[in-house]
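Me: I have a structure open and want to talk it through. Can you start with the terms and then take my questions?

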Amino acid sequence: MIGEDTALNLGVFAVFAVITLFVLYRVGSRSARASDYFAAGSSFTGPQNGVALSGDFLSAASFLGIAGSIAVNGYDGFLYSVGWVVSWLLGLMIVAERLRNTGRFTLGDVLAFRMRQRPVRAAAANVTLVISLFYMIAQVVGAGGLIALLLDVRTAGGQALVFAVVGAVMVLYVLVGGMKGTTWVQIIKAVLLLLCVTLMTAFVLGKFGFSLSSVLETATTKTPLGPEVLEPGVRYGGSPLAGLDFVSLALALVLGTVSLPHVLTRFYSVPNAREARRSVVWATWTMAAFYLCTLVIGYGALALVGSDAIKNAPGGENSAAPLLAFRIGGVVLLGIVCAVAFAAILAVVAGLTLTASASFAHDVYANVVKRGKADPRSEVRVARLTAVAIGLAAIGGAIAANGQNVAFLVGLAFALAASANLSTIVYSMFWKRFNTNGTLWAIYGGLGSCVLLIAFSPAVSGLKTSVFPDVDFALFPLENPGLVSIPLSFLCGWLGTVLSHEVADPDKQAELEVRSLTGIGSGLR
Amino acid sequence: MAKAILPPGESRRARGFATFDEPPPPLLVDGAGRPDFAAIRDTAEFRELRRRTRVFVLPAVLGFLTWYLTYVLASAYAAEFMSGKVVGEINVGVVLGLLQFVSTLALTTAYARYARRQIDPQVAAVRALTAQERP
């Protein structure tokens, strides 16, 4: 049914892609200096940056993943919406203003502020690369599923080709645009995505006489689960251990947001702390509206499309929202929704690639390899090369993870981010004794344990839904490792500090404390 | 960056006529005009800023995390309760989930307002100690 109007779908998408690339080219061609490329010259206002921030955050996971998860797992999928809205409070009250006052381009600026520069910067950059890669794999899986749905590509080889094309377009975005271009794409995309979900929500509600209750009632008749789909426990129920998995995911969602490198760097593209705060306020309102709509779209997809049709479509769960669009608006709305979702993915991937490559170029190349004496032009060139390398790695990972729910995959990236970054950010802001050794233990302890636990979890092996369904080396029972690895990284940070004889630099500590609250010494106004 | 140290006699706090017998407070910067962070940290102005931040942020963060984790634990381990119907097919779980949205927006608004009224002026007061005043 859907494959027939491929030309129209692709037409709508192509028009959109050309427009955004043109915008990128226009604003991007003037970005010459490193601060322009990495932080858009800190020139955006709070509201602009807030919309871009929600653009960064509203990825394939939020749109395709949550809708699919709610349509198939019902209430348990709704947790993603709640967790991701609530998580912004941490960003608002603890991270945004302090980060803007302290750093310049990357997370490494803040973590290395009062520590020995080279090891901490290298660690921060490594973490950024790993998190970004995981996050990007999820995005490419989402994009692949989308195009597979549009073109009705069902073979593995065809989907691999789709991933390669997505990767190439994404690298092109980053190479041409830099941070300023990416910010404008995020703004355009966030507005379009919001319009799209609002329209779809209004449409679904309208079809059911503006009664959420009757959407839910119809949804229960379209799934083998029946009324259970409205109750907790479809995905994470049945045993106390499954409940723990739910809690673990919830923890990763709420603590991961403000630990994501591409969200953190977004606080640098405003001129001062007040604007950083305003941008989080704007982002929170935008995202609350968006995630409210995902509830209706998820259950609406179930009510109007049905769970069997969703599960059997190319792209699986991730195709719930596009299928709903096709059901209510025919092939034109399907084309538009896919184009917007695709642009959403491209923009997020571009932002991620940019952050990861900036982190590598700024923290590893400029500060570790060249010991702070790198020529800014070569720094930008290294960043661009890194972008290409990351793009290739993400394509490879996406081919392996093909068919997984993207919200679930992103949940893993959130666990990684919260495990590696949250403890170090909190300790270095609020604990005077915290030192270089503690920072390294916390970063590598959290990241290492998280990666290991994911590798030995049921997400990777042992279940039909795993990446490797045929073998079973799942020694760790939880799919999301956050519940273990996040506290572990706090413990590692504490142990690493207490066990080393190194004394934290009191002058730098005073400077960080004063500067993070006031911006004195940062040159910000 | 920081301006030069003010010459003696030109009091920054001059008000009325009684100021000539009061020496002007020195700016908290060193000879090169760099801020003296340790000294700033010990000023009454900075302590007040830290107090104002802490007084709001600490209870707010602990409060919302507790409320969120309660919701999550209830979903995981009190499915019966969360499945109870409130209106039509809408159950307790959905209502509590939507209340998380409401509380998040309320707290966001409250913090933005508090920061504008209580924190920003105090930041300006601390910055004035180094003559890095906001425009």
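Reply: A nonpolar core here is a set of buried Ala, Val, Leu, Ile, Met, Phe, Trp, Tyr and Cys residues joined through C-beta atoms within 7 Å. Buried means that 20 or more other C-beta atoms lie within 10 Å of the residue's own, exposed means 12 or fewer, and partly exposed is in between, with C-beta atoms placed from the backbone. This is a predicted model: local features need pLDDT of at least 70, side-chain atom pairs count only at pLDDT 80 or more, and totals for chains, interfaces and linings use all residues. Residues are numbered from 1 along each chain as its sequence is written, and chains are lettered from A and ligands numbered from 1 in the order in which they are written.

Me: Which residues touch the most other members of the largest nonpolar core?

Reply: A:Ala301, A:Leu324, A:Ala341 and A:Ala344, in a core of 223 residues. Helix H15 of chain A (residues 320–369) gives the largest share of this core, 33 residues. Helices (H or I, at least four residues) and strands (E, at least two) are DSSP runs, numbered from the N terminus.

Me: What does A:Ala341 touch?

Reply: Leaving out residues up to four places away in sequence, A:Ala341 touches A:Ala60, A:Phe63, A:Leu64 and A:Leu146. A contact needs C-beta atoms, placed from the backbone, within 7 Å.

Me: How many helices and strands in chain A?

Reply: 20 helices and zero strands. Of the 525 residues in chain A, 67% are buried.

Me: Switching topic: how do H11(A) and H19(A) pack?

Reply: Helix H11 (residues 240–256) and helix H19 (residues 482–499) of chain A pack at about 50 degrees, with axes 8 Å apart. H11(A) and H19(A) are therefore oblique to each other. Axes are lines fitted to C-alpha atoms, for helices over the stretch in contact, and angles run from 0 to 180 degrees between N-to-C directions. Under 35 degrees is roughly parallel, over 145 roughly antiparallel, 65 to 115 roughly perpendicular, and the rest oblique.

Me: Which residues of H19(A) make that contact?

Reply: A:Gly482, A:Leu483 and A:Ile486. The H11(A) side includes A:Leu244 and A:Val247.

Me: And how many residues does each chain put into the contact between A and B?

Reply: 47 from chain B and 45 from chain A. On the chain B side, H4(B) gives the largest share, 15 residues.

Technical notes:
Contact = placed C-beta atoms within 7 Å.
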